[in-house]
Amino acid sequence: MAWQAAELEQFPALTWDLIAPQASVAIRGALERVLEKQDGAWLTDEERYALANCDGADLLALLVAADTLRRDLVGNIVSYVVNRNINFTNICFVGCKFCAFSRGPREADSYFHSLEDMGRKAKEAWELGATEVCIQGGLPRDLPPFYYRDILRAVKNATPDMHIHAFSPMEIVYGVELTGMTLRDYLMMLRDNGLDTLPGTAAEILDDEVRHVLSRNKLSSTQWQEVIRTAHACGIPSTSTLMYGHRETPDHWVRQLSLFRQIQTETGGFTEFVPLGFVHQNTLLFQQGLARTGPTLAEHLKIHALARILLAGSIRNIQVSWVKLDRKLSQLCLRAGANDYGGTLMEESISREAGATAGEYTSPEDFQALILEIGRIPAERNTKYSRIKIKLPVVEGRASSPVQAERSSALAGGHGNPGFAIERTQAPEFA
Ligand code: SF4
């Protein structure tokens, strides 16, 4: 039985003991095994597909189990990174049908930031407290062959300590094509010029039949995997992503999450998994009747919960992409297995062009308020999650004490959390 949105939104009030007796024997058995072993490797393929396609009380059980497992595995901290997104050009010849961001070179609102601009933007971000710049762009024809390297040099010259998270696997393949270098040599050159981590974007759905409809000119599923595996082997970690809510099915989700598990076992190079909801409004894919109208509430919640369950014991961090969700929905996804809010993203234009309404910047203080509202602990992290600073509001008339710090450590919970520092911030205002 499908549930109405209003009923589904109430799932955080449920406990496992309340919902488990209402779930089917098969789903309950599968979830209990993962909760006990704390590892999704204990599921059979049949159980993975059953979880991805579940509904009604089974779906509620999945959401509650994912939240329980999140608490056991990573504790109550919700992390975020202070960063700036720099989409250095919107000129692109690839023509993905789900993309409303790209422009032709002669369109009035096309743009291309110079290397000086890139350095200046990175410096501004650093001065405003950002620790990361996330750089991606369209693929313009006739890009100078070493332009991606030159962007890294410009940013590192302006801000030597800034973490550079840059270039999708599609851009890496383009850079290889432009320079004639091998993939490995090209990635090592970028690494040696300041590339710290790679966004695992351009994955969408790693199934060539679906990819062919989404974008004929995009790199294949095999090429995507090759770039990611080679980057990890060169010491460049990456995120992993999946775009949902267009024309894919839950079975595609299972296959992609299983592939990410497999790559993680081989390389250990994924820092997190980020489900990206399809924003349909201004896209050709939707206008040509090739996609549904974006994800339903059940799909948003299910993909985050499914990722927590299937990736348990493999990829530790599940991120909500808040620009593609509204604030309430991002909070619900954090209660369905996710533990990271992503970046503050000053200047995010890709989702906005496609019709997303969540805005283009959330301040650290906004993140802290949203996280505290759901009873969790806000913490600023670095890109690789190796440093984390808990951000608690100032308690009137009291400075933070060792006792409070200890209590916060206990609240944070979870196994194997990276070391963290505690910092008090101005209390966020709750409207
Ligand atoms: S998604 Fe990226 S590669 Fe595809 S059209 Fe848009 S900017 Fe170009």
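Two strands are counted as paired if DSSP finds at least two bridges between them. In this predicted model, that criterion gives an open sheet of 3 strands in the order β2-β3-β4, with parallel pairing. The edges of the sheet are taken by β2 (83-87) and β4 (163-166), each of which has a single partner strand, so that one side of each is left without a neighbour in the sheet. Direction ignored, neighbouring strands here are turned by 20 degrees against each other on average. The parallel pairing of β2 with β3 (residues 132-136) extends over 5 bridges, and within this pair Asn83 stands opposite Glu132 in β3.

**The chain as a whole**

The protein chain holds 18 helices and 10 strands, and 48% of its 431 residues count as buried. Among contacts with a separation of 6 or more, 80% come from residues 24 or more positions apart.

**Helix α5**

Helix α5 covers residues 56-74, and its 19 residues, at 1.5 Å a residue, should span 27 Å, which agrees with the 27 Å that separates its end C-alpha atoms. The helix is mostly covered, with 14 of its 19 residues buried, and it is followed by Gly75, whose phi is positive, near 75 degrees. Asp58 lies in this helix. Once neighbours within four places in sequence are left aside, Asp58 is in contact with Ala23, Ser24 and Ile27.

**Buried residues and positive phi**

Because a residue counts as buried if 20 or more other C-beta atoms lie within 10 Å of its own, the counts below place each of the listed residues in that class.

| Residue | Other C-beta atoms within 10 Å | Class |
|---|---|---|
| Asp58 | 21 C-beta atoms | buried |
| Ala202 | 24 C-beta atoms | buried |
| Glu204 | 25 C-beta atoms | buried |

Ala202 is found in the loop between α9 (183-192) and α10 (208-214), and Glu204 also has its place in the loop between α9 and α10. Most residues other than glycine have a negative phi. Ala202, however, has a positive phi, near 65 degrees, and the phi of Glu204 is likewise positive, near 40 degrees.

**Surroundings of the ligand**

Which residues surround the ligand? They are Cys92, Val94, Gly95, Cys96, Cys99, Phe101, Ser102, Gly138, Leu139, Met170 and Ser215. By class, this shell divides into 7 nonpolar and 4 polar residues, with no charged residue in it.

Notes
Residues are numbered from 1 along each chain as its sequence is written. This is a predicted model: local features need pLDDT of at least 70, side-chain atom pairs count only at pLDDT 80 or more; totals for chains, interfaces and linings use all residues. Helices (H or I, at least four residues) and strands (E, at least two) are DSSP runs, numbered from the N terminus. The expected span of a helix is 1.5 Å times one less than its number of residues. A residue is buried if 20 or more other C-beta atoms lie within 10 Å of its own, exposed if 12 or fewer, and partly exposed in between; C-beta atoms are placed from the backbone. A residue is near a molecule or strand if its C-beta atom, placed from the backbone, lies within 6 Å of it. Ala, Val, Leu, Ile, Met, Phe, Trp, Tyr, Cys and Pro count as nonpolar, Asp, Glu, Lys and Arg as charged, and the others, Gly among them, as polar. Axes are lines fitted to C-alpha atoms, for helices over the stretch in contact, and angles run from 0 to 180 degrees between N-to-C directions. Two residues are in contact if their C-beta atoms, placed from the backbone, lie within 7 Å.
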